[in-house]
Amino acid sequence: MPGSNCTKATQFSLTGFTEDPATQVTLFLLFLLTYLVTFLGNLGMITLIRTSALLHSPMYYFLGNLAFVNLCTSTTITPRMLAGVLLGKKGITYAGCMAQIFTFGLFVVTECFLLAAMAYDRYVAICHPLLYPLLMSPERCSRLVTSCYLLGLTNGVGQAIGMSSLFFCSSSAIDLFFCDISMLISLSTSDTTLSLVILRTSSLLSVPSLLVVLVSYVAIISTILSVSSAEGKRKALSTCASHLAALSTFYGPLIFMYLIPRSDTSRGGDKWAAVLYTVVSPMLNPCIYSLRNQEVKEAWRR
């Protein structure tokens with residue numbers, strides 16, 4: 001129950017990173033550059049995939065959707081963070097916080113399942129190449145991507161409902177640079193049972209996608225090891241290298257942030273883990289696929 005001497009919060013305060021002016025300017029320039037690279041890189045990847053006939057295949061269809069999700073994730077978080085770092089605008093309204101939780105919850109789970117779909121695509125291409133045109137037909141790829149967005153939407157709606165059931169005092173401060181449902185639950189002065197159930201359910205949503213990735217790559221590695229020629233092994237591994245790099249930059253900090261239990265006193269690395277999967281990972285993905293993929297390089301040259 002909310003305390004009788006507690007005024008309901010109409011906005012929250014985001015603590016950000018530091019109060020030192022010189023450090024704030026440095027962080028602003030760094031995050032601004034990161035966002036510009038993210039925006040232009042992902043927009044360029046989407047445009048390239050749509051316009052280049054070389055890239056009209058299931059793998060690049062998934063990659064185009066991943067670029068769109070990365071662009072949306074970064075835009076949900078980074079512009080608000082830049083305003084906070086440069087202008088000192090730490091306050092965010094209740095409605096703004098709700099919108100951020102919904103959109104971020106939508107896109108982060110969508111990305112989990114898109115990465116799983118990409119792992120399945122690589123599994124079919126390497127382990128069952130003769131069945132690839134049938135198993136990864138345009139209709140099936142479209143249904144897979146639609147399912148990813150629907151699962152993300154379910155998570156976003158669930159997290160928004162979870163937040164709407166919470167009560168906060170007017171002095172609530174979030175020790176992060178964006179609204180995060182786990183932080184809000186710890187700040188709430190009301191019953192958090194429903195919100196905790198939703199949070200744990202949404203955290204577990206990433207587990208099936210991670211299992212798909214693991215099972216796919218166990219089968220891929222097994223198939224690659226059975227290939228006799230070194231050149232065949234190299235080609236098979238090269239088709240997975242970019243995807244493995246994208247998986248590492250996304251799942252690593254996400255698991256650290258949400259799936260590893262720890263006390264409140266050991267959460268000092270949460271801000272920088274959050275920076276990795278909300279700011280750095282969306283920037284790196286188009287760079288990874290541009291630098292390591294010969295077909296993308298050829299499409300850029302054309």
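At what angle do helix 3 and helix 7 pack, and how far apart are their axes? Okay, the answer: about 20°, with the axes 9 Å apart, and helix 7 covers residues 193–225. Helices here are DSSP runs of H or I, at least four residues, numbered from the N terminus. Axes are lines fitted to C-alpha atoms over the stretch in contact, with angles from 0 to 180 degrees between N-to-C directions. So helix 3 is roughly parallel to helix 7, the label for angles under 35 degrees, with over 145 being roughly antiparallel. Helix 3 passes helix 7 in a left-handed crossing, meaning the near helix is turned anticlockwise from the far one by less than a right angle, and clockwise would be right-handed.

Quick caveats: this is a predicted model, where local features need pLDDT of at least 70 and side-chain atom pairs 80 or more, while totals for chains, interfaces and linings use all residues. Numbering starts from 1 along each chain, and side-chain values use heavy atoms, without hydrogens and water.

Next, helix 3 (residues 94–127) against helix 5 (residues 138–164): their axes come within 7 Å and cross at roughly 150°. That makes the two roughly antiparallel. This crossing is right-handed. Its contact residues split into 18 nonpolar, seven polar and no charged; Ala, Val, Leu, Ile, Met, Phe, Trp, Tyr, Cys and Pro count as nonpolar, Asp, Glu, Lys and Arg as charged, the others, including Gly, as polar.

And what about the surface? Leu150, Leu153, Val157, Ile161 and Leu194 make a nonpolar patch of about 410 Å². Patch residues have over 30% relative accessible area and no salt bridge, with nonpolar side chains joined within 5 Å and like charges within 9 Å. Areas are Shrake-Rupley with a 1.4 Å probe, and a salt bridge is a Lys or Arg side-chain nitrogen within 4 Å of an Asp or Glu carboxyl oxygen. Helix 5 gives the largest share, four residues.

Methods:
Angles under 35 degrees count as roughly parallel, over 145 as roughly antiparallel, 65 to 115 as roughly perpendicular and the rest as oblique.
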